[in-house]
Amino acid sequence: MNRILVFVLLLVCFSCKRGNTPITVELSKDWTFKNVKDTSWLTAEVPGEVHMDLFRNKIIEAPFVGNNELDLQWVSKEDWAYKTTFSVTDKILLKKHLELNFKGLDTYASVYLNDSLILETKNAFRGYKVDVKSFLKDENELRVVFKSTSIAEEKEKARLSYELPEGNRVFTRKPQFQYGWDWGPQFNTMGISEPIELIAWDDYKIENFYVEQSVLNDSVADLIFRISYKTVIEDRLTYEFYINDTLELIQYDEAKDKSTRFPFQIKNPKKWWPHNIGAPYLYDVKCVVKKGNQILDSISVKKGLRTIELVTEKDSIGASFYFKVNEVPVYAKGANYIPQNSFQNQVKKDHYETLLSAVVEANMNMLRVWGGGIYERDIFYDLCDEKGILVWQDFMFACAMYPGDEAFLENVKIEAEQQVKRLRNHASIALWCGNNESSEGWRRWGWQSNRGEEERAEIWNNYLKLFDSILPEIVASNTSTPYWESSPSYGRGNPKYKTEGDAHDWGIWHDEYPFEHLQDNVPRFMSEFGFQSFPSYEAIKFINANDSISIASPAFSTHQKHARGFSIIENYMARDFPVPTNDEDYVYVSQLLQAHGITMGIEAQRRAKPYTMGTLYWQLNDCWPVASWSSIDFMGNWKALHYKAKHSFDNVLVSLRVQNDILKTYVVNDNLKPENGTLKTRILDFKGNELYAFSKVIGVKPLVSALQTEINLKALNLKASEVVVVSEFQNKKRLFYLVKPKDLKLSKADIQQKITKTTDGFSIELYSKALQKDVFLISESKGHFSDNFFDLLPNETKVIYFKTKALQLKYLKIKTFNKLLR
Ligand code: BMA
């Protein structure tokens with residue numbers, strides 16, 4: 001557009017009247033709450049939740065401490081009322097339209113405005129809008145009464161002649177993990193979970209702005225700006241579109257059809273990439289709607305331009321399962337994400353920022369938002385867009401069969417449509433997946449036994465209605481993001497789990513297969529596999545509510561939710577590691593054990609690229625302090641796995657394996673460019689003496705994994721328990737051992753340390769004359785070590801940074817695996 005015209009338009013724009021745009025007021029003040037049976041009201045936080053309100057009022061103890069969970073089950077069995085009063089200005093009252101927008105009510109709520117029942121709800125995953133023009137006054141009272149979920153659930157259950165797997169939770173549309181999970185407590189929350197807004201408007205209000213992308217290549221991006229709105233006028237309106245604050249398009253339309261669409265083209269577009277491949281570029285797109293000179297409404301979105309494809313093509317082995325971003329096959333690296341707190345309103349902006357930064361730092365490019373949790377808040381997806389993290393988004397259904405009656409399906413339809421529309425502008429969203437493990441459960445977990453044919457058919461047909469028809473149709477008609485019915489495609493009881501689709505390989509952990517199973521059993525896309533460990537000392541002390549790190553305390557036992565959890569950890573530990581007798585070492589070794597097994601899987605899968613095209617381990621984070629599969633604990637401390645996964649997920653990975661006495665070195669390259677350099681292999685004893693050395697100049701093509709060297713170990717006549725293999729490529733070193741950790745004959749030597757203050761923490765220089773394995777730095781000051789649980793090569797100095805607000809590093813403890821071996 002001509003510059004003078006833009007200037008004139010901008011001048012016109014500055015003189016525009018803004019008086020008549022919709023007004024939004026959040027009703028977050030002066031809330032009180034009570035048990036419906038009580039008389040006195042106590043202060044409440046909105047948005048919020050009843051357990052936390054009770055805790056703040058000192059009625060209950062901290063829910064995550066000790067055995068308090070068990071004593072607090074009464075809370076969800078009661079009914080709770082919330083109320084506030086608020087005044088409304090004449091300016092707002094005089095608006096033609098007054099609407100209350102309930103962004104989240106958890107779950108069975110009756111809402112009264114000035115004693116009139118205005119709304120009844122039954123879905124915590126959707127919003128509700130109510131026209132309140134005829135109810136609103138100068139002074140108002142808003143009251144929300146929540147009923148215990150069990151009342152509605154029992155009613156629904158009574159309507160069926162059979163029981164649905166797995167329990168009454170299936171009848172309520174709320175986070176399923178709140179009913180208790182194998183890593184989560186049972187805290188069935190109730191409350192006003194998201195803001196309530198009063199929206200006042202006269203003639204026109206934007207409801208939704210979707211920047212649809214119809215074509216994207218290197219030279220053009222063809223977009224369609226789709227606006228849906230509410231209006232009472234039929235005038236000709238002006239739509240102005242700004243890209244990165246520059247007015248780029250002006251269009252006109254009659255305001256009457258509830259929606260309108262305008263094509264627009266960006267030349268030489270900048271694409272959005274997952275951060276490990278390119279920059280996650282985002283455009284600012286803004287739409288301003290005017291009537292003549294008057295602005296009626298405006299809306300902005302951040303838009304990343306990318307194509308996304310899930311490639312599931314039949315091939316000679318079975319069928320592929322991988323993502324193509326901007327035509328590039330991208331190996332997905334990451335983890336499964338669960339809610340960050342049982343009480344969602346305790347999760348603040350900083351938590352999102354810190355956790356998602358840790359995802360990027362660990363070289364992950366994908367998270368799977370698991371179906372037993374929540375559709376995350378906008379901020380989560382905003383940050384994933386910004387940081388270049390792809391999101392595999394489950395619909396919120398997990399490990400169960402769900403009802404199929406009209407009312408239930410209608411409720412889910414609205415939920416799904418709202419969520420898909422809310423998230424469709426996000427470049428990060430790579431996939432919508434119907435559910436977690438429901439079809440696997442139906443086929444393999446005995447759910448069909450003791451049922452007649454008719455009953456089985458009904459339950460399965462209801463499954464198909466929802467996951468094979470309703471949800472994919474909603475996804476297809478509202479976005480171009482791919483849909484997948486269920487994760488995994490096949491349970492591990494079906495041999496196809498390795499040759500088709502995505503897999504959850506719980507042979508590790510649940511079936512107690514040795515970790516080595518992961519070396520040769522790689523699927524096409526590993527969407528779950530995992531192993532538990534104990535959390536940080538900090539988390540254990542918090543649970544025990546004193547300075548004790550006892551893992552045998554009754555309190556800590558409540559924080560292990562897997563029936564066989566402790567014994568599975570111990571069985572695996574005894575196979576590969578020494579089993580310490582004191583808790584401090586036991587916790588440490590449990591983390592080494594988890595990291596040992598999971599990184600073995602990560603690397604085997606990456607080496608198998610392109611047969612395998614994704615690795616998402618179970619699980620990234622925790623919702624409370626607990627012994628679990630997470631790699632970052634509830635307190636934000638990185639376990640050994642998170643540090644080691646960072647290396648195993650590196651874009652350029654040197655990975656070693658021994659097969660029939662042959663030491664094989666692979667290089668995996670996830671970059672778009674070839675990686676060249678000298679691959680050096682050295683074998684050292686633990687004092688640093690070189691026993692063998694071999695170098696080779698290599699070139700690794702983009703996006704491949706390739707075997708680079710094979711060394712016959714037999715011919716070298718080594719003492720396998722007394723050596724370390726050091727592989728070096730492009731200034732990065734990987735260490736590899738030829739025997740199990742428990743069989744290593746490590747030397748005992750001191751570690752020298754030199755600590756220096758830096759601007760935001762400390763630098764720690766470490767040195768030892770002998771190889772030190774799994775060096776673990778522990779500080780009592782809260783902070784983050786740049787690396788931890790690392791191996792220190794003999795006679796080499798390593799510098800670690802400890803980022804902390806503490807001004808002194810009073811206590812730095814160093815643990816090393818060497819000391820655990822007899
Ligand atoms: C996976 C998940 C969860 C569970 C985990 C560990 O299959 O989908 O249901 O917490 O296993 O058992």
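This is a predicted model: local features need pLDDT of at least 70, side-chain atom pairs count only at pLDDT 80 or more; totals for chains, interfaces and linings use all residues.
View 1. E361 belongs to helix α6, residues 349-361, and K646 to helix α16, residues 640-648, so the contact ties together parts that are 285 residues apart in sequence.

View 2. E99 and K205 pair through their side chains, with an N to O distance of 3.5 Å. E99 sits in strand β5 (residues 97-102) and K205 in strand β15 (residues 204-216), so this bridge joins parts 106 residues apart in sequence. Are these two residues buried or exposed? E99 is buried, because its relative accessible area is 7% and the limit for buried is under 20%. K205 is buried as well, at 5%.

View 3. Two of its members, E99 and K205, meet directly in a salt bridge. Across the model, the count comes to 56 salt bridges.

**View 4. D115 and R143, a loop-to-strand salt bridge.** The side chains of D115 and R143 meet at 3.1 Å, N to O. D115 lies in the loop between β7 (108-113) and β8 (116-120), while R143 lies in strand β10 (residues 139-147), so the bridge connects parts 28 residues apart in sequence. D115 is exposed, with a relative accessible area of 57%. R143 is partly exposed, at 21%. That value falls in the partly exposed class because buried means under 20%.

**View 5. A patch of negative charge on the surface.** Which residues gather here? The patch consists of E234, D235, E254 and D257. D257 is found in the loop between β18 (246-254) and β19 (259-267). D257 has a relative accessible area of 49%. D257 is therefore partly exposed, as the exposed class starts over 50%. Patch members have over 30% relative accessible area and no salt bridge, so D257 qualifies on area with its 49%.

Methods: Residues are numbered from 1 along each chain as its sequence is written. Side-chain values use heavy atoms; hydrogens and water are left out. Patches are made of residues with over 30% relative accessible area and no salt bridge: like charges are joined within 9 Å, nonpolar side chains (Val, Leu, Ile, Met, Phe, Trp, Tyr) within 5 Å. Accessible areas come from the Shrake-Rupley method with a 1.4 Å probe; for residues, only the protein chains shown count as cover. A salt bridge is a side-chain nitrogen of Lys or Arg within 4 Å of a carboxyl oxygen of Asp or Glu. Lys and Arg count as positive and Asp and Glu as negative; His and the chain ends are not counted. The place of a charge is taken as NZ of Lys, CZ of Arg, CG of Asp or CD of Glu. Helices (H or I, at least four residues) and strands (E, at least two) are DSSP runs, numbered from the N terminus. Buried means under 20% relative accessible area, exposed over 50%, partly exposed in between (1.4 Å probe, protein chains only).
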